[in-house]
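Please look at the sequence and the model on the screen before I go through the features.

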Amino acid sequence: MDRLPNALGLLVVLLVGLGAVIVPDPPAPLGTDAPLGEFSAARAAEHIDVVAAEPRPLASPGHTAAREYLVGTLDDLGWDTTVQEGIGWFSPTDSPTRRGAALSNIVATLPGADPTGTVVLAAHYDTVTASPGASDDGIGIGTVLETARALSDGERPRNNVVVLLTDGEERGLLGARLFTAETPPFPGPMVVLNHEARGNAGMPLTFRISSPNADLVRILSQAPGALADSFTQTAFEALPNDTDFRRFDEAGLHGYDTAIAGGSAYYHTPLDTPDRLSRSSLQQMGDVALATARTLTVTDLTALDAGTDVVTTTPWGLLHYPRWVEVALTLALAAAVAALAVIRVRRRDASAGRIAGAAGVALFAAVAAGGAAFLPWWLSRRAVPGLGSVPIGEPYRPGFYQLAAVVAAAAVLTTVYVAVRRRFGAPAFAVGALMVVAVVALAGLPFLGVATPLVLIALPAALGVLVAEAIPQRRSRWRIVAMAAGLVPAALVAVPAVLASFDAGVTFGAPLAGAFVAVLFAVLLPLTAPLLPREGAAPFAVVGAFAVVACTLLGGYTNRDGATAPRQEELFYSLDADRGDAVWASPGRPRSDWSAELLTESPTPLPDRFPWRPGTSLAHGPAPVASLEPPRVEMLSDIESDGGRMVQLRLSSPRGAPTLGLWVDGATVRAATVDGSPVDPGANFGFVFTTASTDGIEVRLDLDTTGPAEDVEVRVADVTSNLSVVPGYTPPEDKVVVGPAVVVTRSVHP
């Protein structure tokens with residue numbers, strides 16, 4: 001059999017797919033001399049350099065300095081700038097500890113000339129502990145301020161424009177909730193452009209758009225360089241992250257959520273510094289934000305409630321179409337695969353039983369491919385815990401681990417196919433594999449955008465095979481041309497989809513990448529089947545295993561200690577004032593010899609030491625007792641009422657800790673307020689609250705008690721982040737400590 005045409009067709013298809021991922025260079029960052037009407041990354045970066053000069057968690061000096069700078073900058077632009085103050089609360093579903101804070105949102109307004117609504121440019125200005133936050137969310141701050149400056153240049157926009165820099169995003173999207181709970185600065189519809197980061201580089205992706213979205217998608221598609229994807233909107237819900245967009249969407253506002261995700265090992269760490277932030281990413285995010293905002297400022301915002309579109313990014317720009325088209329294309333894929341199955345059965349190339357059996361094996365192989373793609377990085381982290389970042393477990397240089405994931409998935413698929421080929425036959429397996437793709441696409445139809453990437457890959461391929469089947473057997477080369485033609489659009493979508501999967505990181509992205517490799521493998525089978533042997537799966541398994549091991553070892557070598565940015569540690573200190581002893585603690589296992597010397601005990605929950613993490617297993621070890629005064633509890637009143645007690649107390653920190661916590665044991669809290677703000681009550685009640693006030697906080701508790709008063713115990717804590725207060729503590733010279741915490745706890749019986 002002449003296999004050359006098949007090999008050439010496969011080569012062309014793969015080259016087209018690889019060409020699709022060799023995208024044009026991102027926009028060159030514009031300097032400070034750029035025209036005033038354009039977005040300049042250099043001008044935006046000047047703001048980032050200032051606000052990211054130091055960490056700015058709630059109630060910190062850096063937080064205050066950033067707020068003052070931002071207010072002054074917006075005042076200088078001539079916008080009407082105010083600080084919206086209030087208290088925000090978040091009640092996690094996975095913890096009884098409520099999270100609250102005293103907040104200061106920054107709201108600047110530019111009234112429109114003839115407004116139909118308001119365009120909101122949003123980002124958050126707080127950070128996690130110890131992180132300068134140049135990307136999270138410095139890139140959002142820089143984008144918003146430079147966009148606001150450009151919009152201020154020239155004629156006043158038709159619609160109102162608001163700059164919203166929220167506070168307390170890192171504590172539970174608190175500032176966004178506060179903004180949406182109060183009367184907006186302008187009446188009418190609002191469209192929010194929210195800007196975020198889960199890394200310090202990469203292409204900005206609009207990964208969530210409010211619904212209905214047809215007009216919003218159309219407007220976004222007019223912005224040069226815009227990237228968006230409906231599939232990502234659904235996939236994002238599986239990630240342990242969220243943004244202020246959640247609160248805007250819940251409040252019924254229109255909006256876009258845009259972020260970068262490359263370089264995610266730097267996310268939420270002390271290494272998120274301005275010098276590490278990609279200026280090209282900043283330029284592209286700003287270009288899209290400015291172009292989209294300009295279009296929205298001249299759009300009738302009262303007419304946005306129309307239709308739902310599916311959107312995806314292709315090499316030639318955004319592709320979007322109505323939701324019903326996604327349904328129709330998915331049904332067309334199912335019909336095309338069914339037609340192929342009928343043709344195979346009628347021509348006796350395969351039986352219905354063999355096709356069904358092959359589909360079952362193909363489904364197993366796809367699942368196995370996703371698991372195999374996950375294994376290289378998972379095993380590497382198990383062997384060397386310090387390889388991954390603390391917040392999300394990502395390597396600084398993920399390239400070889402990504403390659404290992406793709407190779408592992410391809411090796412599993414090839415091995416399984418060669419092993420079962422003789423049992424089911426190549427025609428049956430080719431149809432069965434496509435049948436699995438079609439069924440998964442049909443199952444994904446209830447979720448916006450899930451079916452689209454599968455359909456865009458598999459439908460052209462299936463139609464190409466159907467055309468090939470209509471060509472006489474003697475014209476085999478034309479049959480191959482028809483199949484290859486159907487695979488070209490498939491490759492243009494599938495290969496970038498594999499690469500884009502890693503935007504979620506290696507940990508979460510590798511299984512998804514493995515699944516897309518399985519889809520690509522399925523559609524390529526008509527071309528690749530003649531190139532693969534009829535038996536002898538062992539060599540593929542051995543070669544694949546060696547290749548995966550080689551890629552994994554290269555990943556370890558390129559990420560070896562000292563070859564990258566400093567490795568990361570996570571360390572907490574807790575002093576129990578009642579017992580007079582202290583511990584070091586950290587989630588999971590020690591990550592290096594340095595932390596192993598401190599964390600000598602196996603992981604176990606430490607609810608008394610860290611009351612807000614009662615179920616978290618923490619590696620721990622004895623620590624020196626620091627001379628730290630515990631939080632004070634002043635009983636203001638205690639009144640029996642309605643079968644319970646009304647307790648009023650003041651909680652304060654003699655050491656000036658901005659974060660205070662309280663947990664109640666032995667009673668159900670029927671109602672509670674902190675500094676006059678109501679908090680969700682309940683059993684196992686607890687809260688942490690952050691404030692810049694040095695006077696402490698006043699707490700009122702309505703307790704439903706069933707036993708003696710002495711059975712009621714209140715555990716209190718205060719939290720800071722400077723580990724140097726611990727006697728003998730020496731920071732690691734070649735590492736960085738992420739999210740440090742110094743906790744002092746005590747118990748009282750009110």
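This is a predicted model: local features need pLDDT of at least 70, side-chain atom pairs count only at pLDDT 80 or more; totals for chains, interfaces and linings use all residues.

Helices (H or I, at least four residues) and strands (E, at least two) are taken as DSSP runs and numbered from the N terminus. With that convention, Pro 212 is found in the loop between β6 and α6 (214–221).

Residues are numbered from 1 along each chain as its sequence is written, and side-chain values use heavy atoms, with hydrogens and water left out.

Let me stay with the backbone. A cis peptide bond also runs from Asp 136 to Asp 137, with omega near 5 degrees; Asp 137 lies in the loop between β3 (118–124) and α4 (138–152). Leu 173, in the loop between β4 (160–166) and α5 (174–181), has a positive phi, near 60 degrees, and is not a glycine. Is Leu 173 buried or exposed? Leu 173 is buried, at a relative accessible area of 6%, where buried means under 20% relative accessible area, exposed over 50% and partly exposed in between (1.4 Å probe, protein chains only). Asn 684, likewise not a glycine, has a positive phi of about 50 degrees. This residue sits in the loop between β18 and β19 (686–690) and, at 56% relative accessibility, counts as exposed.

I turn to the sheet. Five strands form an open sheet in the order β14-β15-β20-β17-β18, with antiparallel pairing; two strands pair if DSSP finds at least two bridges between them. The edges are β14 (632–641) and β18 (677–679), each with a single partner strand, so one side of each has no neighbour in the sheet. On average, neighbouring strands of this sheet are turned by 20 degrees against each other, direction ignored; the axes are lines fitted to C-alpha atoms, for helices over the stretch in contact, and angles run from 0 to 180 degrees between N-to-C directions.

Strand β20 (residues 697–704) pairs with β15 (residues 644–652) over 7 bridges, and Met 646 has Asp 702 of β20 as its bridge partner. Strand β17 (residues 668–674) is joined to β20 by 6 bridges; here Val 669 is partnered by Leu 703. Between β17 and β18 there are 3 bridges, and Val 674 stands opposite Ser 677 in β18.

How many aromatic pairs does the structure hold? There are 14, given that rings of Phe, Tyr and Trp (its six-membered ring) pair if their centres lie within 6.5 Å, with planes under 30 degrees apart counted as stacked, over 60 as edge-to-face and the rest as tilted. Phe 207 and Phe 236 form a tilted pair, 4.8 Å centre to centre with 45 degrees between the planes. Phe 207 lies in strand β6 (residues 205–209) and Phe 236 in the loop between α7 (230–235) and α8 (245–250), so the pair ties together parts 29 residues apart in sequence. Phe 207 and Phe 236 are both buried. The rings of Phe 610 and Trp 612 are edge-to-face, because their planes stand at 90 degrees, with centres 5.9 Å apart. Phe 610 is buried, at 0% relative accessible area, whereas Trp 612 is partly exposed at 23%. Finally, Trp 89, Phe 685, Phe 687 and Phe 689 form one aromatic cluster.
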